[in-house]
Amino acid sequence: MRAAELIEQKRNGGEHDPGELAELILAYARDEVPDYQMAAWCMAVYFRGLSAAETQSLTDAMIRSGETLDLGALLGRKVVDKHSTGGVGDKTSIAVGPIVAACGVPLGKMSGRGLGHTGGTLDKLESIPGFRVELTTEELVAQLKDVGMAIVGQTADLVPADKKLYALRDVTATVDIVSLIASSIMSKKLAAGAQAIVLDVKVGDGAFMKTLDDARALAEQMREIGTRAGREVTCLLTDMDQPLGRAVGNALEVDEARDTIRGDGPADFTELVLDASARLLAYSDLGIDVDEGRRRAQAAVDDGSALETYERWIRAQGGDPDPSVLEQAPVQMPVAAPREGVVSRVGALAVGNAALELGAGRRTKDEPIDHAVGVLCFAKRGDTVLAGDDLAEVHARDDESARRAVAAVLAAYEIGDNAPVDHGILLDVVD
Ligand code: URA
């Protein structure tokens, strides 16, 4: 295999031999192919795409680049998992995990850190003082048996090729390609041993997939990869044209996830959390359908068992579940409605970027983040507001950054005279 020949073949629109493609990926993971050649290959893929067969061999090679984990065998249970393609205010796993675990189904999830305007679950959890995201496999299994719930960082040995390739794609404008996203996500899910997977595919201006058609294409590719590997896959296509829930920013999102677990969350986020929980329960070894899953998920919220599981989980990973320990930003500044009307748009990307500017996210891999800062979007699409009402609230380190964020968040809002079409959070299901 010569990397230059494969780059040329893809640049000219050709199809790779599966063995040669696998060799390229494995050689890259072993540092035998330089970043500049891999970047050129990614760009060729960006313009020429990958066939279904190529996407499959890419995924297989990524899995083979490292170790795999058979959580099902270690737990002696059918293992279910969820994953989101990333969005603004997406704290879904933090709320879904304890609900599902409270219903008797273990959820051990490997999550990532945020980059750019999309936040990462690990960063959110680290806003809880003492919370440890690095557990050994033995600790992970023991915690899953004891509490039923764990969220940890991806170990260095699991799919190392994706770690390298994703970092490279991130700085070479080659992230938003359906086949590369599908293989990146599915390689991690398959390597971690999930037998059934619920994928939350975000659609809208705050997501990688801007249109429903692109999101459907991604969902179908991921489902195909999963099905070929003998796994069950459901993809929820969900709205990311406005931030999910109200909170955007690490500690603020943890607080909102906890509120939702105890039945006091925003409507759109609660709907997504209950829907995803119901589907995970229906995939589990409980032998129930989605309707019964929904009923049990709601019951776990109502009877406090989900909150109890949340608290045990946070303690098990070294954190303090009391929300009063979360750091509060020193400056809180309202964003006032400039006129009366109906909110027709809350741009997710703009709000995500405002939070990023405040320090809630990172532009480069090693940038530190400020866990306390962020934005609370009180008014969402379809809400009626009066002039001067609080549309949102900026949480900032100082007055100057707060003022800049207020202007940016205000620009993200559009207020009109008529109610926009209400399509809800769940746009489609691919299963
Ligand atoms: N999330 C991933 O894990 N990989 C991608 O390529 C995009 C989003």
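Reply: The domain assignment, which is automatic or taken from a database, divides the chain into domain 1 (3–49), domain 2 (71–324) and domain 3 (327–416). This is a predicted model, in which local features need pLDDT of at least 70 and side-chain atom pairs count only at pLDDT 80 or more, while totals for chains, interfaces and linings use all residues. Residues are numbered from 1 along each chain as its sequence is written, and side-chain values use heavy atoms, with hydrogens and water left out.

The part to look at is the interface of domain 2 and domain 3. Taken over C-alpha atoms, the centres of these two domains are 25 Å apart, and 27 residues of domain 2 are in contact with 29 residues of domain 3, contact meaning heavy atoms within 4.5 Å. The area buried between them is about 2,100 Å², with 54% of it given by carbon and sulfur atoms; buried area is the accessible area (1.4 Å probe) that two parts lose on being put together, summed over both. Of the area that domain 2 buries against domain 3, Gln 242, Arg 246 and Leu 252 supply 24%, more than any other three residues.

Charged pairs also cross this interface, where the rule finds 4 salt bridges, each a side-chain nitrogen of Lys or Arg within 4 Å of a carboxyl oxygen of Asp or Glu. Elsewhere in the list of pairs, the side chains of Arg 345 and Asp 205 form a salt bridge, at 3.2 Å from N to O. On the side of domain 2 that touches domain 3, β6 (247–248) and α12 (250–261) each supply at least two residues, and α12 gives the most, with 3 residues; helices (H or I, at least four residues) and strands (E, at least two) are DSSP runs numbered from the N terminus. Sorted by class, that side has 10 nonpolar, 9 polar and 8 charged residues, where Ala, Val, Leu, Ile, Met, Phe, Trp, Tyr, Cys and Pro count as nonpolar, Asp, Glu, Lys and Arg as charged, and the others, Gly among them, as polar.

As for the whole chain, there are 17 helices and 13 strands, and the C-alpha atoms fill a box of roughly 65 × 45 × 40 Å along the principal axes.
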